[in-house]
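Here is a briefing on one protein model. Look over the sequence and the structure before reading on.

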Amino acid sequence: MLEVYNHLAAAYHPKQSRVRASASKELVNVYNHIRNLSSQSPLFKLNLTGSGQIYALNIKDTALSLKYHLEDYDDEDRSAFLRQEAYSEEPEIVEVHLTSDSTKNIPNEFYLRVLELAATQLNQSKSVSSSEKSGLNGLYQFTVTMDDTPYQFNLKLKQDNTNQQVIENLNDFIGRSSIGLSPSISQKENGEIQLSLESESTGSMEEERSFTLEDTQIGNTENGLVSFYQLNHMIRSPKNAKFTLNGSPKEALSNTFRLYRNLSVTLKSVSDSTVRIYLRPEAKSIYEDVHETIDTYNRLVDIASANKGNRRSQKLLRELGTVVKDFQEELAECGIQLMEGFHLQIEEEKAKEKIQDGSMKNLLTEPGGFGKELAIRASLISLNPMDYLDKVIITYPNLLAPMSSNPYLTSIYSGMLFNSYC
């Protein structure tokens, strides 16, 4: 017994990615199906070699995996077709993406028009000769107020410092402070220099400014740094983003904001017309899921094809081939082609197109459609994998007698009844 176990453990590798806990009703249905099957079937003698056992287990394992994949498409919680993405018909004007998998608060479609983009505040100092001495001397103190939060700066200067040196010191000092202000220096052809200060954030709640500068200690001259270089001179005021949502005017502090809790919106340019934004199936991840289902089906075909020494394996191929051939036209319309040996091959671009227009979902979830019929066939295969092993009939059943179980035949399945498959 130990020798048989070791042989199976070494040669058999389950392909299922997860184990399912079945409801008691499902277990009863499985038991009743096997009981009915055994009462109406001939008594067989099976040649259960080590390879034969592995073959039967691989059939059951792969058929169950295929069944679960197909059943998931109709599940309210697990279906791949529940995955959606937000799409903008004009992404160069409005860009959108979901921040979570939940879309319950987001309408299927809405319309947005960009009236004005949010802008930063920009201050620009006066232009001064870069080589001239500033004449500033001593300790200078000034305050930058950002969104009602004051930040104090101290800068010690020498009388022989040039404007270039002072401007560069201010640029480095403010740049290293990380207070949400970006300084930059402009060098002009006439030898003059200028300092620009720009807020990193856009928009403003109520004030006309997002930041202000004020001298708090002048030093040894009549003017402080702020007044001397006119650092508080604003050439562009902060602006909020303005847009309409289904015709209603709205504002936002930034060009990137959230709508309906889980939708990130980025305004990129002003538009003369409304932009349609809507939810659609997330083609990439759904395609990968469908591709995995096709791979599982092909793996079942490979198991049967590789076991040519077993004549009953052709029965498995015929059963699978019958389902596929019945829906060959519908499969082709969704980018799934029937290949040699009953294999299926999926064409990515066409499949994604059919995922987005709903055809793929119909193929796999409609009653009487390909997905449902293949799931039924996979379920029957998983319940009776021994049907695809060569066997010798011992006696035929007496169908006129009251239904009774064949304990010998039922015992064949006992190891498959009480494991993770059910």
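The notes below cover the fold, the cores, the aromatic pairs and the charged contacts.

This is a predicted model: local features need pLDDT of at least 70, side-chain atom pairs count only at pLDDT 80 or more, and totals for chains, interfaces and linings use all residues. Residues are numbered from 1 along each chain as its sequence is written, and side-chain values use heavy atoms, with hydrogens and water left out.

**Overall fold**

- The protein chain has 12 helices and 20 strands. Both are DSSP runs numbered from the N terminus: helices are H or I with at least four residues, strands are E with at least two.
- Of the 422 residues in the chain, 43% count as buried. Buried means under 20% relative accessible area, exposed means over 50%, and partly exposed lies in between (1.4 Å probe, protein chains only).
- Among contacts with a separation of 6 or more, 75% come from residues 24 or more positions apart. A contact means heavy atoms within 4.5 Å.
- Helix 3 has 23 residues and reaches 33 Å from its first C-alpha to its last, close to the 33 Å expected at 1.5 Å a residue. The expected span is 1.5 Å times one less than the number of residues.

**Nonpolar cores**

- A nonpolar core is a set of buried Ala, Val, Leu, Ile, Met, Phe, Trp, Tyr and Cys residues joined through side-chain atoms within 4.5 Å.
- The largest core has 42 residues, and Met360 and Phe370 have the most contacts inside it.
- Elements giving two or more residues to this core include helix 3 (50–72), helix 7 (313–326), strand 19 (344–346) and helix 11 (370–383). Helix 6 supplies the largest share, 9 residues.
- What does Met360 touch, leaving aside its neighbours within four places in sequence? Its contacts are Phe81, Val290, Cys334, Ile336, Ala351, Lys354 and Ile355.
- A second, separate core has 24 residues, including Tyr140, Phe142, Ile179 and Leu231.

**Aromatic pairs**

- The structure holds 8 aromatic pairs. Rings of Phe, Tyr and Trp (its six-membered ring) pair if their centres lie within 6.5 Å; planes under 30 degrees apart are stacked, over 60 edge-to-face, and the rest tilted.
- Phe153 and Phe173 are edge-to-face, because their ring centres are 5.5 Å apart and their planes sit at 80°.
- Phe153 is in strand 8 (residues 149–157) and Phe173 in helix 4 (residues 163–175), so this pair ties together parts 20 residues apart in sequence.
- Phe153 is buried at 5% relative accessible area, whereas Phe173 is partly exposed at 25%.
- Phe243 and Phe257 are stacked, at 4.9 Å centre to centre with 10° between the planes. Phe243 belongs to strand 13 (residues 241–245) and Phe257 to strand 15 (residues 256–259), 14 residues apart.
- Phe243 is buried at 3%, and Phe257 is buried at 12%.
- Phe142, Phe153 and Phe173 form one aromatic cluster.

**Charges over rings**

- A charge sits over a ring if NZ of Lys or CZ of Arg is within 6 Å of the ring centre and within 35 degrees of the ring normal.
- Arg280 lies over the face of Tyr87, 3.9 Å from the ring centre.
- The charged end of Lys352 sits over the ring of Tyr287, 5.7 Å from its centre.

**Salt bridges**

- The whole structure has 15 salt bridges. Each is a side-chain nitrogen of Lys or Arg within 4 Å of a carboxyl oxygen of Asp or Glu.
- Glu89 and Arg276 meet at 2.8 Å, N to O. Glu89 lies in the loop between strand 2 (84–88) and strand 3 (94–98) and Arg276 in strand 17 (residues 275–281), so the bridge ties together parts 187 residues apart in sequence.
- Glu89 is partly exposed at 42%, and Arg276 is partly exposed at 25%.
- Glu116 and Lys239 form a salt bridge at 3.9 Å, N to O. This pair links distant parts of the chain, 123 residues apart.
- Lys354 pairs with Asp357 in a salt bridge, the closest N and O atoms being 3.8 Å apart. Asp357 is partly exposed at 45%.
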